[in-house]
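Hi,

Here is the structure I said I would pass on.

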Protein chains: 2
Amino acid sequence: MVRQREFDTDEVLAIAMNLFWQRGYTNTSMKDIVQATGIQPGSLYSAFGDKEKLFQQALRRYTQEFFRTSMPRHRPPLECIQHWFEHLAKAMTSDPKQKGCLIINTAMERESHSPSTLAIIEDRLDEIESFFRQNLDQAKLDGDLPQSFEVDVTAKAMLGSVVGMLAVARMRRDAQTLGSIAAGAIALLRSG
Amino acid sequence: MVRQREFDTDEVLAIAMNLFWQRGYTNTSMKDIVQATGIQPGSLYSAFGDKEKLFQQALRRYTQEFFRTSMPRHRPPLECIQHWFEHLAKAMTSDPKQKGCLIINTAMERESHSPSTLAIIEDRLDEIESFFRQNLDQAKLDGDLPQSFEVDVTAKAMLGSVVGMLAVARMRRDAQTLGSIAAGAIALLRSG
DNA sequence: AGTATTATTGATCAATCGTTCAAGAATAGG
DNA sequence: CCTATTCTTGAACGATTGATCAATAATACT
């Protein structure tokens, strides 16, 4: 039985994700998505649910494809931190559309989102802070940081720097600005 | 001749500013403003022009009332920088609505705004960077910073930290997080 | 082949958006 | 008081929003 779906939900989701990323949630209409994908409203709704569910799926996809993948692993912890900042600075500099980061963009669009969407964003912020905390803890164990190093304060300061870079990137994409923000964050390793 | 206006445009502008600050531009409708102020659409439009002009006036008001006023002056330059970060951390912590900063919120809402509005935002970002650059330059002249201190890199890194703090504040308002971001920014003075 | 099940289509829904406008009300000069 | 000018009111505009639905088409099992 059953007629089979004629479009690839993953391709369509990728297109929707990019629209949300570029223009934001409120500023992207279902009509925009219909036009960009060529899929009619009925099909879209039966495949993804309503607009918010579609967005959450796009957000999940973004997390897998751009967020988690970008975090370095299996290297010396301080290198992981440094490389992540440099990677993000480079990624932001080379995006002519200045989309920034979908997660941070969504966090700033607070009032347009449901509590469940905001909970997902909260988790991602926690994940960022944990990335720093875990690497700093390990670096301390490895003797790469002094015993007096304040891991918690530095992890939170670095969270601020990442968010700052990704937010600034929406208005400025010059390598000097973004590189300086990265350099400032890395400098925290020598003074924290 | 002429009938005189029955409402105080400044009071109405303050209400509109707070709505835009709280909910963002796209997410605040003219109907919301009509309801919050009690002023009918026609009067609103004749007093302020269209929605975008009203927003720009609200933005100008915010700049005067919250932005420029918050920047310390007439003190030792490094103290100015430190006090600004501490002031912002405190202000963000004590706002139960977590509105963040209207300027940064607007910067993140890019796609909803006209080029002329974005130009205003650009100017404010430049103003922030200049605040740091000028104070760092002066501190260097005063001998409070070593001659090797990289003013430009640090000014840009601090821009990132401010924006990061104001963006993070939309999701987290705990004193530890915001205080750590401030501390991280100030630490740049000892390593830049 | 027949039937049950699901997908696609695109017109259409009510609600809301930013904005306008004719009507009535208030003022100041003559 | 009369008139010219401006302000206020609130209904109404066309456009757009997210979402639905009946009609039609395609599939897979019996």
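**Surfaces near the DNA**

Three helices each put at least two residues into the surface near DNA strand D: helix H2 (30-37) and helix H3 (41-48) of chain A, along with helix H3 (41-48) of chain B. Before you read on, keep in mind that this is a predicted model. H3(B) has the largest share of that surface near DNA strand D, with four residues. There are 25 residues around DNA strand D, and those that come nearest are Arg3(A), Ser29(A), Gly42(A), Arg3(B) and Gly42(B). By class, the surface near DNA strand D is made up of 10 nonpolar, eight polar and seven charged residues.

What about DNA strand C? It is surrounded by 26 residues, of which Arg3(A), Gly42(A), Arg3(B), Ser29(B) and Gly42(B) are the closest. Here the helices that each supply at least two residues are H3 of chain A and H2 and H3 of chain B. The largest share of the surface near DNA strand C is that of H3(A), at five residues. In terms of class, you get 11 nonpolar, eight polar and seven charged residues near DNA strand C.

**How the two chains are related**

On to the contact itself: 40 residues of chain B are in contact with 40 residues of chain A. On the side of chain B that touches chain A, at least two residues each come from helix H6 (102-108), helix H7 (115-141), helix H8 (151-168) and helix H9 (175-187) of chain B. Which helix gives the most to that side? H8(B) does, with 12 residues. Sorted by class, the side of chain B that touches chain A holds 17 nonpolar, 15 polar and eight charged residues.

In chain B, the axes of helix H1 (residues 9-23) and helix H2 (residues 30-37) come within 10 Å and cross at roughly 130 degrees, so H1(B) and H2(B) are oblique to each other. Their crossing is right-handed. From H1(B), the residues Val12(B), Ile15(B), Ala16(B) and Leu19(B) meet Asp32(B), Ile33(B), Ala36(B) and Thr37(B) of H2(B). That contact of H1(B) with H2(B) has six nonpolar residues, one polar and one charged.

For chain A, the axes of helix H1 (residues 9-23) and H2(A) come within 10 Å, crossing at roughly 130 degrees. H1(A) and H2(A) are therefore oblique to each other, and their crossing is right-handed. Val12(A), Ile15(A), Ala16(A) and Leu19(A) make the contact from H1(A), with Asp32(A), Ile33(A), Ala36(A) and Thr37(A) on the H2(A) side. The contact of H1(A) with H2(A) divides into six nonpolar, one polar and one charged residues.

Cheers

Methods:
Residues numbered from 1 in each chain as written. Chains lettered and ligands numbered in written order. Predicted model: local features only at pLDDT ≥ 70, side-chain atom pairs only at ≥ 80, totals over all residues. Axes fitted to C-alpha atoms, helices over the stretch in contact; angles between N-to-C directions. Parallel < 35°, antiparallel > 145°, perpendicular 65-115°, else oblique. Left-handed = near helix turned anticlockwise from the far one by under 90°. Contact = placed C-beta atoms within 7 Å. Nonpolar A, V, L, I, M, F, W, Y, C, P; charged D, E, K, R; others polar. Near = placed C-beta within 6 Å.
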